[in-house]
Amino acid sequence: MTISNASAVAINAQGLYYKELNEKIRAALAAGAATVRVHSVNGQRYIGTGLSGNASLIVEGTAGNDLGAYMNGLTVTVYGNGQDGIANTMNAGTIVIHGSTGDTLGYAMRDGEVYVEGSVGFRVGIHMKEYQEKVPVLVIGGKAGSFFGEYMAGGILILLGLSGREGHPIVGDFCGTGMHGGVMYIRGNVEEHQLGKEVKVVELDEQDREVLGKYVGRYVGHFGGDAGEILDAPFVKLIPFNKRPYGNLYVGV
Amino acid sequence: MLLREGQIRIPSGCAISGIMNRDGEVFSGHDIIRSIALMHDRSNGLGGGFAAYGIYPDYPEHYALHMFFEDDQSREATEVFFNNHFDIEVGGKIPTRKTVKITNAPLIWRYFVLPKENKLVESGLGADEYMARCVMRINSEYPGAFVASSGKNMGAFKGVGYPEEIGEFYKLDTYKGYLWTAHGRFPTNTPGWWGGAHPFTLLDWSIVHNGEISSYDANRRYLEMFGYRCSLQTDTEAITYAFDLLLRKHGLPLHVAVTALAAPFWSALARMDDQQKALVKAVRTVYSSLLINGPFSIILGSRKGFVALNDRLKLRSLVAAEKGAFIYVASEESAIREVCAAPDKVWSVGGGEPVIGLLKGVDQL
Amino acid sequence: MSFHYTTPDFIVDRDERRCTQCQICVRQCANEVHRWHERGRKVVHDDRKCVNCHRCVLTCPADALTIRKFPNEYRANANWTDHYIDSIYKQAATGSVLLSGMGTDKPYPIYWDHLLLNASQVTNPSIDPLREPMELKTFLGRKPDALSINDGKLAEALPPQLELDLPIMFGAMSFGAVSLNTMTSLARAAERMGTYFCTGEGGLHRDLYQYGAHTITQVASGRFGVHPEYLEAGAAIEIKIGQGAKPGIGGHLPGEKVGMDVSLTRMIPEGSDAISPAPHHDIYSIEDLRQLIYSLKEATEYRKPVAVKIAAVHNIAAIASGAARAGADIIVIDGFRGGTGAAPLRTRDSVGIPIELALAAVDQRLRDESIRHQVSLVVAGTIRCSSDVVKAIALGADACYIGTAALIALGCHVCQNCYSGKCNWGIATQRPELTERLDPDVGAGLAANLLKAWAHEIKDMLGGMGINALESLRGNRLMLRGIGLSEKELEILGVKHAGE
């Protein structure tokens, strides 16, 4: 560990097992570092997991699974791709990925913001939930796989489709299946057969435009691009039919 | 037909006695026979035995295998195993005296052996572990053969009968050792199998034991996870393995092993200092399955000395005494007085309180 | 009145000579069985709404009420019993999945009742537990293979352990499924008796943080109320993979039960359904379980044991072994007779295996793999009395969870309607006028008394066996004998038949 000044710390992750690496990160934060830069990361899990505070974590390399799980505050910036389970059950904070990510991004995420420059895997935004002033936000620049926003109970999913695999639709099948809260904005069009049976497509209103403008603006702030151009395209808004999709499923014996 | 030890669990009550010279001076088996004979009424003629240390000064580094064979067939089959696994220095019958009382004795043989070098290297084990595994294999896989003892410069002499008769049968008055332990057995049901008599041994360890423990199956099932095979299904066998695991395999000090087997009550922890408290708590947490519950008194012998211990509730009797370099333990004080009329010190041993006798200059068993 | 194909389940029998028309029954019954008939100036009732919870019977000051099973019977038929005929009528009318509360009520074998305990006679002494020390202390958590001692001191601290004064804990029942007063009662009883209660998957209400040292916080697939402070709040964390009453099925707390307090605790909007997915969507394979276990250990800096709760299913031994190797410090097995607030009936009554067989198989398998001593085993799913606990320990458990038994201590009458949210005993409900019927001070006393009584009985039985520390019973199957069991059952249980 090299300490360049009191508030910025650099850690070389090369060859470190995650337990050791995360101990070093926690120690640096406990010693008062405002910024911790971890370089040569390759697959180390749990970076930022369970951490609270306002510090900034910079991750260079391929971030391992469960980056920022249960995280409560902090800003994590990844220069590289992320793997699976990023922002798992995240409570607050910001994660910015200069690259793409794997599956299950933002599972059960409750608050905070995640920005992904590229595309994401399957089951992204699954069971995200909002509550009082806590509204989690996921903004994805590329495309998403199937089961996008499955069981979604709250929060905002924004899928831009600016990049991603040629010939693939912007989102996979069963989009929003089991959704019973929150909202999704998908740029362009989504085929009816791709939607879960619990969601419906509605028109965007003024307030939606405002929300989109705010988060696309932040996306552009992180990764560059022209917000006006992005917002110019048509968007689809998806919301659940109701908060009680399974209200009549059961009868008592 | 009655099932023997190993085929069924046979509980038994008993008498035990031990005599040691801490300077390592050897003495004949005469005293130990008198001592155990005095407690004749604590056994019922269905088992008696002795362990003696320091008796083979001519072969101090060889493993002395005392063997019981049902017949020549089983001896020959076992000897094939011996030849494959050991270099045998000397082998032959253990001399016995014809007596009226002892009948149905098996073939009793003795071999002084060393592990076969190439086999030992191939196994990747230490010599002791190699021998221990061979012994357990013979006892569980060779019908009709039983290893009565397998340590260095020591041996077990046991059989079906009263202990004083067994002592006479084996001519123990002609052997000289610095540590002798003895056992008179009171089993509740046994067909009278020689292997089932005490002491039970493994390598240098020998145990004589009195009492039926209630924790047997909890102890056994724990020990079996560490590679032990409790083929005799006796308490003594399980207690021996417990000591072997803690002292030899885990390298723990004797007082820690004693803490595991006869743990202090939780209520006693309040009166301990923090370091001791942490240690006892850790022992009771990690080795909880080795707590020996129910009545027992034991003498665990080794080449370095012995420890005598009884259960933490003091459900079995145990008395100790000292005179000069000699230290004595027995189920009854009279058994000590019989061979040492005026000891320097006599005391009744408390529950869970070990009596330790070690050779001069040695600090662990 | 609409036409029904079925008769009511119960008849309310009101003794008109005794009834004083005081209307207490009207106020007590949340199912609205009793009603004041203004014109007739008398209390009347609707049998069809009665769930036989005995609340009215026991609160009637005149002892005027009796509830009886409705006497009409279908023509006797061993195949088409009342249950199947009535179920079909209900499903034909609604097109819905049958739902029930509590554990299965079918007469499956209860192996506890086919196991007998030993006692000492002559060859070793029984111990008098009233006057001699009798220790029930148990530690749950990961144990090393061996201790290392340096200079008479511990060379390494032990991994974190839960310290139980008796081998019984209160199993997971979530806030939402049960009332806050129920949870408070159990939390206080756990604190008083030196044991633990598990939050279930509904988060930890602010008022219960003070009992954190006696709390096991649960993380289930819905991740309700899971945040760093919650993970830190308890003494251990339990990952819920499955539940005995409904293995392989997710959870579903209806929006009616999500009032302000539940919403705050679960951190979801008021009135919305709380859906727990069937799997954890970050666990699709055993190596993913390891990832979740270690994410929780990382988040709490390895200061808390992590338990994994799994339902007893066919391949339970291999699954438990996998969980142990994935890093679980405590493995909780919930048998298929275990309770629930709501489960699809057909799943509840036909999926999974009994806890006794699961426990015996898991304990033996972990021993065969020489890893049993490294982890702790907690079992649940119809632990009905102290001798069930003793038998479970002898089969190989470290401790038991009780759920239904604890609720019965608080007044539950096992009417199996928990899912309705109208529990007249104030247990499985969030309605303030009902929850206030259970005073947590009284409830804590009742639950603590139950543990106290069972602890006495356990000590009696241990003493009889000549054992004075619970650990000497753990896995001590020689203390058990089977009765009326087949060779195969005895083999799986690892016990001999009585008389052997």
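Chain C splits into domain 1 (10-96) and domain 2 (128-497), going by the domain assignment. Keep in mind that this is a predicted model. The C-alpha centres of those two chain C domains sit 35 Å apart.

**Domains within chain C**

- Nine residues of domain 1 of chain C touch eight residues of domain 2 of chain C.
- On the domain 1 side of that chain C contact, the classes come out as four nonpolar, four polar and one charged.

**Domains within chain A**

**Who touches whom**

- Two pairs of chains are in contact, and of these, chains A and C share the most contacts.
- In that pairing, 40 residues of chain A meet 36 residues of chain C.
- On the chain A side, the elements giving two or more residues are strand S9 (153-159) and strand S13 (250-252).
- S13(A) is the top contributor to that side, with three residues.
- Sorted by class, the chain A side facing chain C holds 14 nonpolar, 18 polar and eight charged residues.

- Strands in a sheet pair through backbone hydrogen bonds, in either a parallel or an antiparallel sense.
- S13(A) pairs with strand S5 (residues 97-100) of chain C in the parallel sense, over three bridges.
- Within S5(C), Leu99(C) is the bridge partner of Gly252(A).
- These strands belong to an open sheet of three strands, ordered S13(A)-S5(C)-S19(C), with mixed pairing.
- S13 of chain A and strand S19 (343-344) of chain C are the edge strands, each pairing on one side only.

**The nonpolar core**

- The largest nonpolar core takes in 350 residues.
- Ile331(C), Ile333(C), Val378(C) and Cys400(C) have the most contacts inside that core.
- Helix H14 (residues 440-464) of chain C supplies the largest share of the core, ten residues.
- Take Val378(C) as an example: leaving aside neighbours within four places in sequence, its contacts include Leu140(C), Ile330(C) and Val332(C).
- Val378(C) also contacts the run Ala397(C), Asp398(C), Ala399(C), Cys400(C) and Tyr401(C).

**Cys14 of chain B**

- In an unreviewed UniProt entry, the annotation "active site" covers Cys14(B).
- Cys14(B) is part of strand S1 (residues 12-21) of chain B.
- Cys14(B) counts as buried because it has 27 C-beta neighbours inside 10 Å, and the cut-off for buried is 20 or more.
- Leaving aside neighbours within four places in sequence, the contacts of Cys14(B) include Arg42(B) and Ser43(B).
- Other contacts of Cys14(B) are His183(B), Gly184(B), Arg185(B) and Phe186(B), along with His209(B) and Asn210(B).

Conventions: Residues numbered from 1 in each chain as written. Chains lettered and ligands numbered in written order. Predicted model: local features only at pLDDT ≥ 70, side-chain atom pairs only at ≥ 80, totals over all residues. Core = buried A, V, L, I, M, F, W, Y, C linked by C-beta atoms within 7 Å. Buried ≥ 20, exposed ≤ 12 C-beta atoms within 10 Å, placed from the backbone. Helix = DSSP H or I, 4+ residues; strand = E, 2+ residues; numbered from the N terminus. Contact = placed C-beta atoms within 7 Å. UniProt positions renumbered as here; feature names shortened; annotations may be inferred. Domains from an automatic or database assignment. Nonpolar A, V, L, I, M, F, W, Y, C, P; charged D, E, K, R; others polar. Pairing = 2+ DSSP bridges.
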